[in-house]
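Q: Can we go through this structure together? I would like to start with the strands and then move on to charged pairs.

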Amino acid sequence: MLHMKKNNSRFFIGVSSIALLSVLLIQINWMREMAEMKENLFNEKAAIVLARTTEAVAGDSLLNSALESGTESKDDRLYIDSLFRQFMNYYNFNVVFSFDILHPASTTVQTAIGFVKTEADGQACYNQSMEEHATTHSWRLQMNTPHKDGFLANELLLPLVLSIVLVAIVLILFILTVRKLFMEQFISAQTTAMMNTMTHEFKTPITNIALAGKLLMKDAAVSPSDKVQQYVNVILEENDRLNRQVEQVLSMSALERGELKPDLEVVDLHHLLLDTVKRFALQVESKQGVIRTALNAHPSLVFADAIQLSNAIGNLSDNAIKYSKGSPEIDIKTMNEDSSIVLVLADKGIGIDKMYVKEVFHHYFRVPTGDIHNVKGFGLGLAYVRKVIEIHHGEIILQSEPGQGTTFTIRIPLHEDAQ
């Protein structure tokens, strides 16, 4: 499972990296397209302003005659300048410009008074010859925009800065997420290693306690003593309880790492349930309780790991006994639904508050209220049960009311030969 988690993490990082790179490339392409769009819009506005100005000049007979003869005055040039500004304001085209009056036939270039023509490389020039009047007019206007590149740069500055900031934020969050993921994996690995070390360390004293208890029991049989017998029983019961806790932790840890592979075979679920009833019968009877069964499912064959599934059912039965006030009452019944077998295990114990119903399946969680703290445990029982049901492709549902009891409903697919 740990190896699987590492593979999942690598897959997540790989997919996220590709997605982030794709977003970056899309952003770059978007900025390039925006720059092209801004430049095209600039050129279109410049061409429209120049065309409208040329059309207005051509429509003025006196001004047109002066231009034809090349005798335009300063006032004429100022009037043309005012036309340029009028149309530039109308089309919201506020840029620094100058204009020239060209006379191709005489190769004469007149520069408008009050504007200095920039001779810098890269200056944008827009010419308009009014083709519909080409046969009657020998002049044309040229508009120059010496600061076109600077204007476009200013237009793109805010979107570019925002894009860089957003990409930087996403990149930083991605790096922090990956670091957090690796940190969580490291902590998880350290916790698993610690739990394994702890549980294996427990095995030796458990074995020694069991051996000492059995030897003491053997000596007590030769020299009977009520107190010795009592002490021996306490030792063996506590040893058995501790051993179950250790096995549970080891099994849960192995399941999480994927090292405990299910040994699947065709199993009759009813046989497992009857074995469970026998196993807990004496314990229930000692508390003047009862276990009732109604095994109505036919067929009842499942493809399962008999040991793991039996342990899971045993955990639920053990909880039903431990969390019952007074005499435990446990009902176990089965039924068929579609291609599944449904197991319902209900008790009349202390129940669980609704706010904790989803939490009880989490590792190490124990309900913090009521008498539940009087029962020892690591809070792994239900987490282990859920994991076992999941590896059998089943589901488990918990319903409970405080003081009314708890009902577990388990649904497991039937074996294909039994369907």
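**Strands and salt bridges**

A: K333 stands opposite V344 in β9. This is a predicted model, where local features need pLDDT of at least 70 and side-chain atom pairs count only at pLDDT 80 or more, while totals for chains, interfaces and linings use all residues. Residues are numbered from 1 along each chain as its sequence is written, and side-chain values use heavy atoms, with hydrogens and water left out.

Q: What counts as a strand, and when do two of them pair?

A: Strands (E, at least two residues) and helices (H or I, at least four) are DSSP runs, numbered from the N terminus. Two strands pair if DSSP finds at least two bridges between them.

Q: Which strands pair with β9?

A: Strand β8 (residues 329-337) pairs with β9 in the antiparallel sense over eight bridges. Strand β11 (residues 405-413) also pairs with β9 in the antiparallel sense, over seven bridges. There, V342 stands opposite R411.

Q: What about the turn in the hairpin of β8 and β9?

A: Two residues lie between the strands, and D338 takes a positive phi near 55°.

Q: Is β9 buried or exposed?

A: Strand β9 (residues 340-347) is mostly covered, with eight of its eight residues buried. Buried means under 20% relative accessible area, exposed over 50%, and partly exposed in between (1.4 Å probe, protein chains only).

Q: Which way do the residues of β9 point?

A: S340, V342, V344 and A346 point one way, I341, L343, L345 and D347 the other way, and all are buried. In a regular strand the side chains alternate between the two faces of the sheet.

Q: New topic: how many salt bridges are there?

A: The count comes to ten. A salt bridge is a side-chain nitrogen of Lys or Arg within 4 Å of a carboxyl oxygen of Asp or Glu.

Q: Which residue does R411 form one with?

A: R411 meets E395 in a salt bridge, at 2.8 Å from N to O. R411 is in strand β11 and E395 in strand β10 (residues 395-401), 16 residues apart. R411 is partly exposed at 22% relative accessible area, and E395 is partly exposed at 38%.

Q: And what does K148 pair with?

A: K148 forms a salt bridge with E39, the closest N and O atoms being 3.3 Å apart. This pair links distant parts of the chain, with K148 in helix α4 (residues 148-222) and E39 in helix α1, 109 residues apart. K148 is buried at 11% relative accessibility, whereas E39 is partly exposed at 35%.

Q: Which residues form a network?

A: R292, E329 and D331 are linked in a network of salt bridges.
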